[in-house]
Amino acid sequence: MTDPAPAAYVVGTAGHIDHGKSTLVKALTGIDPDRLEEEKRRGMTIDLGFAYFDLPSGRHVGIVDVPGHQRFLKNMLAGVHGIDAVLFVIAADEGPMPQTREHLAIVDLLGVERGVIVLTKTDLVEPEWLQLVSDEIRGLVRPTRLRDKPLVPVSSTTGLGLEELKQALDAELAGTTPRPDTGRPRLPVDRSFAMAGFGTVVTGTLIGGSLRVDDELVVLPKVRRVRVRGLQQHNRDVVEARPGNRTAANLVGVDRREIGRGDVLAPPGQLKPTRRVDAQVTVLEGLQPIRHRDRLLLYHGTAEVPVETILLDADALEPGTVGWAQLYAQTPVVAVAGDHFILRRPAPPATVAGGVIVDVSPRRHRRHDPQVLADLDRRQTQDPVAALVSELAKYPHGLRREDLLRAIGADHDVVERLTKEAGAVELGAFVLSGVAYRRLVERVTSALAEYHAAHPLRPGMSREELKSRTGTPAALHSEALARMGADGIVLERGAEVSLPGHVPQLGQDEAARVAAAQRELAAAGFAPPPLSDLVRRHRLTPEQIQYLVSTGEVVRVADDTVFGREAYAQALATIQTHLRTHQRITVAEARDLLQSSRKYVLPLLEWLDAQKITRRVGDDRILRT
Ligand SMILES: Nc1nc2c(ncn2[C@@H]2O[C@H](COP(=O)(O)OP(=O)(O)OP(=O)(O)O)[C@@H](O)[C@H]2O)c(=O)[nH]1
Ligand SMILES: [Mg+2]
């Protein structure tokens, strides 16, 4: 096992059949994404292919290569969710074709913001033709998010333009904000297979949070418990898989036939499969309208699910318009508000719409209900949780609740959703992202571990010192410690903080000096040397003395008077025995019994009084009952 891989990106191909997507991937990465025998024989991609490479900047890129053939569009749809950028491929000799348009519509509906337009097979055309095709493509992408994206002519055969393409992709990815780690990982599965000696392996693009080896997870929607035995990203073993990466997970507890494309792997209790989702639906231009109760196919994550479309604000959604719908699914879907999806008509097959899920646990709505529609509008205008998550991600020390809400213009109840749904942590007046809180915990525990190692005798580190060591703002510090204390991560004792497992112990070099002092004390019996002498002779520190006192090795009956454990126990027993038979004892009697002197016996008896073992009555001591 090696360290977690650095942040990486997932890039998908898109484009018409035979336009050179797979050839381009191979030219860029050296990996042939067409892995099936049938694909190699027919010279076409049937199912998703995967490759990876590093850009000139060092960015790791995983590539999902999709089939262009219309018949395999459902495979394409399983591959494009979660991509950071698209390589939108058009063959220069043929120009835009039907799946050029369909794939473009899909990546646009899925909200893919980044990409490069790649003109392939430029070795087959004349420059004037190239110019014509380029102009046509510019017109094609104008209404979409790819509008201003770089257009790079290449030839995978001659290698022309490949370096420029890498530079352009690098520049595009440089502009992406890192995928938010909301502490809610999901791995929509696109493949499952058995590996000899390992068992079940599933792959997918990980989103939402990290997975770690030994994590206990569930496979949804069927709810089956599994454990992660191993993780790989880009063919490297990792202990932690980070979101926004192609990820392979080796699972214990599930046969490969019981998990497959469309399933979702996630921590237990975080996602609830649902038959109903409320969604904003955008209908593509130039097609038939979507009617109330139309039966369509929902493509979400890697899943394909038949749905009935319940239109909430219209009887038909016309091409090019946007409306509200409740999608009633034939089998449960595993979704999160904010997820994008695609809707297709089963026959004749056609991509007709796409949209965004705004509610994953809606009630059945009355149609045309102004209140329902207003509520949906509110959710859509800005999913406040999503907005808060991205706002919060900017603050490693969290943000005051008030400031956070003001930044977004959200209500207080949203913070509750933020902690419930997005793993954020509330600490007094502060709200931290799940990641920020985990980092804070790491800083605190490693500062304490270091401190305990350097000062094994001290029971703990002062709160003040811990605060400045971890760079935590004062107002956050005590709240954070209280929370970590409640969670059993640290132990707070007065002004000191320690790790729960820390037991003060003597360091090696001091153990010898302390032992010598103890030997001297033991040999002295009831006539111990003054503590100050012991301290001087054995160079004892106040901490060491405190340690000896707290472990009971010495009993400090007065400021400068200490007894060894044995001597004290013996003295106590002698006095108690005497008192049981004679009821009373004077200082002089005790002195004689212990063959000691008044100098030691007086503080000893006073100590026993203070310990509520004896009580003073006139010049005598009696036993307390
Ligand atoms: N001359 C020339 N031929 C190319 C180039 N790129 C791809 N080809 C050829 O075009 C054909 C199709 O290429 P693929 O890479 O399989 O196309 P694809 O887009 O992956 O096709 P599907 O996966 O079926 O959608 C192959 O015979 C390639 O050799 C290029 O830059 N120049
Ligand atoms: Mg291909």
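Me: Which sense do strand S18 and strand S22 pair in, and over how many bridges?

Reply: In this predicted model, strand S18 (residues 294-300) and strand S22 (residues 340-345) are paired in the antiparallel sense, and three bridges join them.

Me: And which residue in S22 is the bridge partner of tyrosine 299?

Reply: The bridge partner of tyrosine 299 in S22 is isoleucine 342.

Me: Staying with S23, is isoleucine 357 buried or exposed?

Reply: Isoleucine 357, which is found in strand S23, has a relative accessibility of 2%, so it counts as buried. Leaving out residues up to four places away in sequence, isoleucine 357 touches several others, including Val277, His300, Gly338 and Phe341.

Me: New topic: what coordinates the magnesium ion?

Reply: The magnesium ion (ligand 2) is coordinated by Ser22 through OG and by Thr45 through OG1, at 1.9 to 2.0 Å. This pair links distant parts of the chain, 23 residues apart, since serine 22 is in helix H1 (residues 21-29) and threonine 45 is in the loop between helix H2 (37-42) and strand S2 (49-54). Both serine 22 and threonine 45 are buried.

Me: OK, now helix H12, which of its residues are buried?

Reply: In helix H12 (residues 463-470), the buried residues are Leu466, Lys467 and Thr470. They cover an arc of only 100° around the axis, which means that they sit on the same side of H12.

Me: Why would residues three or four places apart point the same way?

Reply: An α-helix has 3.6 residues a turn, so residues with that spacing point the same way.

Me: What covers the buried residues of H12, and which exposed residues are on the face turned away?

Reply: The cover includes helix H11 (434-454), strand S27 (461-462), helix H13 (474-486) and strand S29 (496-498), while the face turned away from the buried side carries the exposed residues Glu464 and Ser468. H12 is followed by glycine 471, whose phi is positive, near 65°.

Me: Which residue has a positive phi although it is not a glycine?

Reply: Asparagine 235 is one of these, with a positive phi of about 65°, and its place is in the loop between S11 and strand S12 (236-238). Histidine 368, in the loop between S23 and helix H7 (370-381), also has a positive phi, near 55°.

Me: Where are cis peptide bonds found?

Reply: The bond from leucine 220 to proline 221 is cis, with omega near 10°, and the bond from alanine 347 to proline 348 is cis too, with omega near -10°.

Technical notes:
Residues are numbered from 1 along each chain as its sequence is written. Chains are lettered from A and ligands numbered from 1 in the order in which they are written. This is a predicted model: local features need pLDDT of at least 70, side-chain atom pairs count only at pLDDT 80 or more; totals for chains, interfaces and linings use all residues. Side-chain values use heavy atoms; hydrogens and water are left out. Buried means under 20% relative accessible area, exposed over 50%, partly exposed in between (1.4 Å probe, protein chains only). Helices (H or I, at least four residues) and strands (E, at least two) are DSSP runs, numbered from the N terminus. The arc is that of the directions from the helix axis to the C-beta atoms. Contact means heavy atoms within 4.5 Å. Donors are N, O and S atoms within 2.8 Å of the metal (3.2 Å for Na, K and Ca); water is not among the atoms, so sites may look incomplete. Two strands pair if DSSP finds at least two bridges between them.
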